[in-house]
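Colleague: I'm new to this one. Could you pick a single part and walk me through it closely?

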Amino acid sequence: MRQSNLYVILFAIGLTVVLGGGLSLASVGLKPLQDKQVELDTKKKILGAVMDISSIEDPNEILRIYDEKVSSMVVDINGNLVETDPKGNPAVAEKVNIQKNYKLDPQERMYPVFMVLDGEGNPESYIFPTFGAGLWDWISSYVAFGADLNTVKGIAFDHKSETPGLGARITTETVQGRYIGKKIFNDQGELVSISMVKGEGNAGLSDHQVDGMSGATITGKGVNAMLEKYLDWYAAFIQKTKSQNTASL
């Protein structure tokens with residue numbers, strides 16, 4: 001029997017409400033698991049910038065190592081400690097969403113700092129998250145420096161949709177390994193960052209240059225801009241920390 005238009009409309013509305021409610025309940029129920037996965041992914045990237053954790057399959061072991069080895073804080077663009085977020089909650093470095101934070105004016109952002117500690121509780125590495133634009137979409141990294149806050153100990157890149165085999169190569173060990181040992185300050189103490197040059201197999205690269213990726217010039221430029229900007233935004237914290245470390249010797 002043919003149903004009236006009113007019946008069809010009410011049925012559609014009812015079905016929408018039921019399905020929408022079910023999806024909402026599922027979303028609420030899955031949120032703790034999603035948050036846990038985001039936490040694990042973030043901590044894996046931070047640890048991965050300074051150590052090889054590829055063979056560790058147990059998530060709980062990753063979290064244990066992180067809790068044992070890593071300390072964190074949030075600073076502002078002037079290098080001052082930030083204790084509360086804009087809503088008045090305690091500022092937690094691991095909970096700062098770098099992508100959302102990037103949309104704010106640099107003066108208003110919160111800048112997470114992660115420190116890998118030695119056996120005596122002293123920082124042996126400092127790790128800064130960065131975010132920027134690649135060829136097609138966003139790119140990001142966690143860049144780790146030694147206690148001198150100058151020499152790169154490791155870097156972990158990520159991207160959303162760079163070209164496979166070209167710009168997407170920033171996530172490979174080969175490309176990331178090129179940054180290890182490079183420096184961000186010149187002999188005059190000026191912050192010069194690290195530049196990915198055009199092409200590969202370049203001879204005579206300085207302490208502030210790394211080989212590029214053939215066919216991925218725009219991605220390379222995005223990486224350069226990202227590092228240059230974020231290192232400049234972290235510069236006040238770097239200089240204050242270096243001064244404090246020197247004064248304590």
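Modeller: Happy to, so let's take strand β4. Nine of the nine residues of β4 (residues 138-146) are buried, so the strand is largely enclosed by the rest of the structure. Buried here means under 20% relative accessible area, with exposed being over 50% and partly exposed in between (1.4 Å probe, protein chains only). Strands are DSSP runs (E, at least two residues), just as helices are (H or I, at least four), and both are numbered from the N terminus. Bear in mind that this is a predicted model: local features need pLDDT of at least 70, side-chain atom pairs count only at pLDDT 80 or more, and totals for chains, interfaces and linings use all residues. Residues are numbered from 1 along each chain as its sequence is written, and side-chain values use heavy atoms, leaving out hydrogens and water.

Now look at the two faces of β4. W138, S140, Y142, A144 and G146 point one way, while I139, S141, V143 and F145 point the other, and all are buried.

Next, the neighbours. Strands pair if DSSP finds at least two bridges between them. Y126 sits opposite F145 of β4, and four residues lie between β3 and β4 in their hairpin. Then there's β5 (residues 152-159), also antiparallel to β4 and joined to it by seven bridges. There, S140 has D158 in β5 as its bridge partner. The hairpin of β4 and β5 has five residues between the strands, and in it L149 takes a positive phi near 55°.
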